[in-house]
Amino acid sequence: MKWIVENGVVIGKKENCDIVPSVKEIYAATDHITIDGESYPFDIKSVRLSKLIGLNVSVEFNLINNRIVSNIFAIKGDKSYNISNYKNKLLGYTIIENVWYFLDPSYDLILEAFNKNKVDPNSELEYFEYIEVINYLNEIGISYSDNVVIKIDEIKKSVKDTKATELNSILFPYQKAGANWLNFMSDGGCGCILGDEMGLGKTLQIIALFQVRKQQKDDIHFLVVAPVSLLVNWQREIEKFCPSITTHIHHGNRRTGFYDELLNYDVVITSYGNVQTDISMFKMIEWDMLVIDEAQNIKNPHSKRRQYLCEIRRRMTIAMTGTPFENHISDIWSISDFVIPGYLGTLDDFSKIYDDDIYSAREIERYLSPIMIRRKVSEVADELPEKLEISQAIEMTDEEALYYENERNNYVGKEALNQKRMELIQGLRMFCSHPMVYRDDLQGIDPEKISNKYKRMCEIIEEVLLYGEKILIFTSFNKMIDILCEDLPKRFGIITMYINGSVNASDRQKVIDDFSKVDGSAVLVLNPKAAGAGLNITCANHVIHYNLEWNPAIESQASARAYRRGQNKTVFIYRLFYESTIEEFVNNKIENKQNIFETAVVGNDGDINSSDLIKALSYSPRKEQKI
């Protein structure tokens, strides 16, 4: 037999085959044991056996011409040697400068990461093969050098363009790129995070993805899990932008106990609480995709809601959140591990390595980048309009809906005077702002606990505070102003000021000046009639219309306090209203007028006629269909 050294490997040449000894066989040979009748040739010219226990080994990933290439290196001193070309990938040794070295046992674990995923470490890796390999390396605690992550944006930009042909919207370029990347990840069945900042249209990107996936496979089933305050908004957005996709809200009196009924729809929308209650039914379906909105809701890795969600069978998972890291570094682990189990190793190992500090956050970013797409408002400002209006329909709690319906029935079908009807409608508007505004017997209760609209407003505020930006909240009712000014400072520890009719006109500018001087976030609550005109508040770029006005010109003028000359940021305007109530009637009237002309230019006088009053009272939150 002829023995040679080739690519750092000793090879025994026979007539019909080559013998490549493994590390175990080498150990056997040192004890003078023969293998297949042949002794091992330690007398090969110039080859010596090292006395070192083993060389350290590392694996490196690089991006070359948009292709991912992996290499395994043996480390000797300050030099590294590529050992990826071994003919036998399970040798456990290498020959460097004619010295035979054993390799550290971590080499076998590195190979296991590739072999487990049926990937050759000396070949180009597909993106999802790369994700799976680093996932396994993280899981078993093997470090690696990743030069792909610094160029990950090149991969995200190079994915194929998808065409959502039935989408009733033109996507901004960054939204198009986001939808393309989500589809790319879905093709590979790889979980991911859509982490765009608030206001950049994450929901629309998901809807575009739904439409593309449905084009490819008609019989498809998506599950969307969101906070209760967003269930109706999800359904409306899908119906608006892609009406060919069928939806069902599994909540309240629309819940079913039969899993096969859910299969009649393309998208089932439900809440985190309903998942816990009905987990046995949701587990009966293997969903094509699970989407969780406001994914910071599972930031606690030990929470029951996260544990129940993990039980849902699905081909892939998308977590949506503008705030993947809120308080603790474990937030990132919890969300990442949910979309790709094991991706960042165990929570114990992760917690030992990373602390709650900026350094750790920066370090963990290299792991997040391959599975997350995140754009900031400042990064896509050139693609955004100066003003973005975001209308969100919200479903009442069962208690709110029942009380609203009882009050509404006081005059429905009766020959009541218009004045009485107007008083009732004003009362219903007050109730829609918050039950505590309308009912004195509710004082002292946490306002978030009894109002889905208030809860949604708090979710918006919480996210804005993370960006250190300022907020204007417009509401018509002084009692609502009192609630906000009392609760928000306690809830968020934030400076909250107000301007209503009780603040002298001469003092209003001082309030604005003080508000502007606050370093970072602050809230200014305003009555739109008292402070909706003539004031310049461009230090704020988030506007929340907590209740809608009969006269759309008042709303437009109020928004113009922030959206005006001197504003150097995109202004985000949130319009909150309750579904199937007087508020939706007002919203529909405003939207109908805006389809015809710009209300900010033409406006109307805000007068309400008898016909409007009757129609307004026909909206019922306790009915499946509006009248």
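The points below cover confidence, cores, helices and cysteines.

This is a predicted model, in which local features need pLDDT of at least 70 and side-chain atom pairs count only at pLDDT 80 or more, while totals for chains, interfaces and linings use all residues. Residues are numbered from 1 along each chain as its sequence is written, and side-chain values use heavy atoms, with hydrogens and water left out.

**Confidence**

- The mean pLDDT (the predictor's confidence in each residue, from 0 to 100) is 84 for the chain, and 87% of its residues reach 70 or more.
- Over residues 31-35 the pLDDT stays under 50, and the model has four contacts (heavy atoms within 4.5 Å) for them beyond four places in sequence.
- Residues 596-606 also have pLDDT below 50, and this stretch has 17 contacts in the model beyond near neighbours in sequence.

**Nonpolar cores**

- A nonpolar core is a set of buried Ala, Val, Leu, Ile, Met, Phe, Trp, Tyr and Cys residues joined through side-chain atoms within 4.5 Å; buried means under 20% relative accessible area, exposed over 50%, and partly exposed in between, with a 1.4 Å probe and protein chains only.
- The largest nonpolar core has 162 residues, and those with the most contacts inside it are F61, F210, I318 and M457.
- Helix α3 (residues 127-140) gives the most to this core, with eight residues; helices (H or I, at least four residues) and strands (E, at least two) are DSSP runs numbered from the N terminus.
- Leaving aside residues up to four places away in sequence, I318 touches L182, C192, L194, I206, L209, M289, L290, V291 and I292.

- In helix α2 (residues 106-116), the buried residues are S106, Y107, I110, L111, A113 and F114.
- Because these residues cover an arc of only 150° around the axis, taken from the directions from the helix axis to the C-beta atoms, they lie on the same side of α2.
- The buried residues of α2 pack against β5 (56-64), β6 (67-76), β10 (124-125) and α3.
- Helix α6 (residues 202-216) is mostly covered, with 13 of its 15 residues buried.

**Cysteines**

- Counting a disulfide as a pair of cysteine sulfur atoms within 2.5 Å, the model has zero disulfides.
- The sulfur of C190 is 7.0 Å from the closest cysteine sulfur, in C192, and is therefore too far for a bond.
- C190 is buried, with a relative accessible area of 4%, whereas C310 is partly exposed at 37%.
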